[in-house]
Protein chains: 4
Amino acid sequence: MPVLSPRDPDFARRVAASFERQAFMRHIGAELVAVTPGACEIALPYRPELCQQHGFFHGGVVSTLADNVCGYAAFSLAGAEDSILTVEFKVNILSPGQGERLLARGQVVKAGRTLTISEARVYSVVEGQETLCAVALETLMPLADRADEPATGTKSAQAA
Amino acid sequence: MPVLSPRDPDFARRVAASFERQAFMRHIGAELVAVTPGACEIALPYRPELCQQHGFFHGGVVSTLADNVCGYAAFSLAGAEDSILTVEFKVNILSPGQGERLLARGQVVKAGRTLTISEARVYSVVEGQETLCAVALETLMPLADRADEPATGTKSAQAA
Amino acid sequence: MPVLSPRDPDFARRVAASFERQAFMRHIGAELVAVTPGACEIALPYRPELCQQHGFFHGGVVSTLADNVCGYAAFSLAGAEDSILTVEFKVNILSPGQGERLLARGQVVKAGRTLTISEARVYSVVEGQETLCAVALETLMPLADRADEPATGTKSAQAA
Amino acid sequence: MPVLSPRDPDFARRVAASFERQAFMRHIGAELVAVTPGACEIALPYRPELCQQHGFFHGGVVSTLADNVCGYAAFSLAGAEDSILTVEFKVNILSPGQGERLLARGQVVKAGRTLTISEARVYSVVEGQETLCAVALETLMPLADRADEPATGTKSAQAA
C-alpha cells in the first residue's frame, strides 16, 4: 500500500465529526473504531433490525459499511475545507454477514487530484473470530472548498 | 427487455412475504410498491435518520434499495421453494438522493439456471418529479430448494 | 433515455477520426458502425485470433468493445477540443461471445460536467440473430481542452 | 491473503497449456510469467498496435490482462478436469498504461464451490519501475468436469 500523508493534520477529529453528523450511522448503530491517514475502520454490533429474512446482516448494511470506510479513508486525506462524494462502488458478498458484529476496513489505493480510489474488506466477527464477508472497490470525488457540514442557519432540502 | 415468465404463479405473494421478513426494510421504512415477473419497485419516504451529513439520503440507503429491487426482481422468477443470494453489485451514484422519497426499480436482464443478472435505477422524487439518482448492475444466485424463510422452531445464529 | 444534444456539431466526424487513431481497434478488426449524440455502435467480425481456448471471443475482447462504445458515446457529447478518459467499468458476461460477429452498443446515462456515465450491451450475432452477450456500466471523465490526438511533432512516451 | 492449496498438483502445467490455447494472448503478445496456487502473473511488452489514440496501452488491453490473471489465478485451484468462466469484473484505470511493458498480477480472494473471487493489479513498467495502472475485482465460476480444451475432432461454432 502507498505511504499517504494527510493534508490536514487534524484529519482524525474531522473524520470523527463528520461521522457524528451521519444520522444513518446512528440509526444502524455503527461505531467509528480507528482512522489513520488513508485508512478507516468501522464496527457494527449485531441488532435484529439490521437483518434480512434469514437472520443475517442485510446486504445493504454490509454495503453501507464498505462504502463508508472507503469514503472516510479518502476523507482522511482531504483538505480541511473539502468534502468527499461517492461516485460508484462494487461490492462482492463472499459469505453471510453474521456474528456479534461486522468490522469494515477501508484503505485508499490512490489519492488523485480529481478522484480517489479506495478498497474495503468487511468481516463477520463470530466469537471474536473474523471471517471475510465482503470485498469492495470504490471511486470517490474530493470536492475542494465544499465544507463537509451543512451551512449554519440553512435547512436541508428535505427538512424544509 | 426479455419476456419473463414466473415459475411460481404465486410469485407476488411470495415476494411480499419475504419483504415483510426483512427487518432492515422496516427499520428504514421501505415499502414494496409493485412486483411483476422479473421486475420490482420499492419506495422509501424521507426520514432524517436515513441521511448523511449534508441532509441527503445516505449512499448506503440508495445502494440498499438498488440491491433489494435487483434481488426481488430475480426472486419473482424463482421456484416456490427457492431463495436468492446477492453475489455482487456495482452502483453509480449520479445525483444526491433527496426529496420526499426515493423510488427504486429493478429489472432482470437474464435469468439463468445458476446466476441471474438484474439492473436497477433509483430516483429522487422532489415534489412528484423523478430525477435519476443511481444506476446499478447486480449478479444474483438462485438457491434451489433453500426456503426463503428461517426454519420454524430454530433460531438464527445471531438470535442465540 | 435522456435527450442529449452534442456541444460540437461535428461530433460524428470527430468520433470517427478518433476511432481511426486507435491502433488497437485496427489490430482486432473493429468497425465503427454508427454514432448519434450520446450513443455509439461498434461491430467486430469473427477472427480466430480473437478467441480464447474454447473458440469463443475472448472476454477481454468483449470487454474492450463494451468499454469503447461507452467511451465514444460519451465522446460524442464532448466539446470539440476535449478528450475522454475511462475511469472504471464493470461488465457482466451473460453468454459466450460467438457467431459471425459481435455488436456493441453504448449509451450515455448521464453526461455531467466532471463525469459521464454510460451503459453498454454487447450481442453475439449468429446467422443474423442477436443474443445478449454482455452488459456494462462505465464511468468516464471528460478532459476539457485536452486534444484527443497526440500533438504534432512529438513522440509518445512509448515510441521514444 | 488466504493459504490456498491446489486440487490438481499439475496445476502450473495446466494453466500454461490453457494460456497457450488462448489465441488472443498470442495476438497481443502476452507472456505467462508465473503461476502459484491461487495467483498468476502475465506480462505484455509494448507494441504500437496495442495502443489508443494517445499512444498509451488501450484500456481494453489493460482490462484483458486484469481479467486473465484473475481467471488463471482461479484456474490454478480448479480440479484437473474443470474449466473456469468469467462471470463479471470491475476495473479501475488509475493511470495511463505505458512504458516498456504491462505487468498484471492476480490473486484469489475466495475460492468457493460455486464461485471464486479474484483481485488483480496491473502495473506500467517504465525503465524497470512499476507504477500502479489498474485495480480489478472479478467473479468467476468453476465448471466441474468441463474440460478447458475443445473436444478433439469437433470444431467450434465459429470455425465451421
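Phe89(D) stands opposite Glu138(D) in S6(D). The two strands involved, S3(D) and strand S6 (residues 129–143) of chain D, pair antiparallel over 10 bridges; pairing requires that DSSP finds at least two bridges between two strands. This is a predicted model: local features need pLDDT of at least 70, side-chain atom pairs count only at pLDDT 80 or more, and totals for chains, interfaces and linings use all residues. Residues are numbered from 1 along each chain as its sequence is written, while chains are lettered from A and ligands numbered from 1 in the order in which they are written.

**Strand S3 of chain D**
- Strand S3 (residues 83–93) of chain D is mostly covered, with 10 of its 11 residues buried (20 or more other C-beta atoms within 10 Å of a residue's own, C-beta atoms being placed from the backbone).
- Strands here are DSSP runs of E, at least two residues; helices are runs of H or I, at least four; both are numbered from the N terminus.

**Strand pairing between chains**
- S3(D) also pairs antiparallel with strand S3 (residues 83–93) of chain C, over five bridges.
- In that pairing, Glu88(C) stands opposite Asn92(D).
- S3(A) and strand S3 (residues 83–93) of chain B run antiparallel, joined by five bridges.
- Phe89(A) faces Val91(B) in S3(B).

**Contact between chains A and B**
- Chain A gives 39 residues to the contact and chain B gives 39 residues (C-beta atoms, placed from the backbone, within 7 Å).
- On the chain A side, the elements that give two or more residues are H1 (11–21), H2 (23–28), H3 (59–75) and S3 (83–93).
- S3(A) supplies the largest share of that side, eight residues.

Terms used. Two residues are in contact if their C-beta atoms, placed from the backbone, lie within 7 Å. A residue is buried if 20 or more other C-beta atoms lie within 10 Å of its own, exposed if 12 or fewer, and partly exposed in between; C-beta atoms are placed from the backbone.
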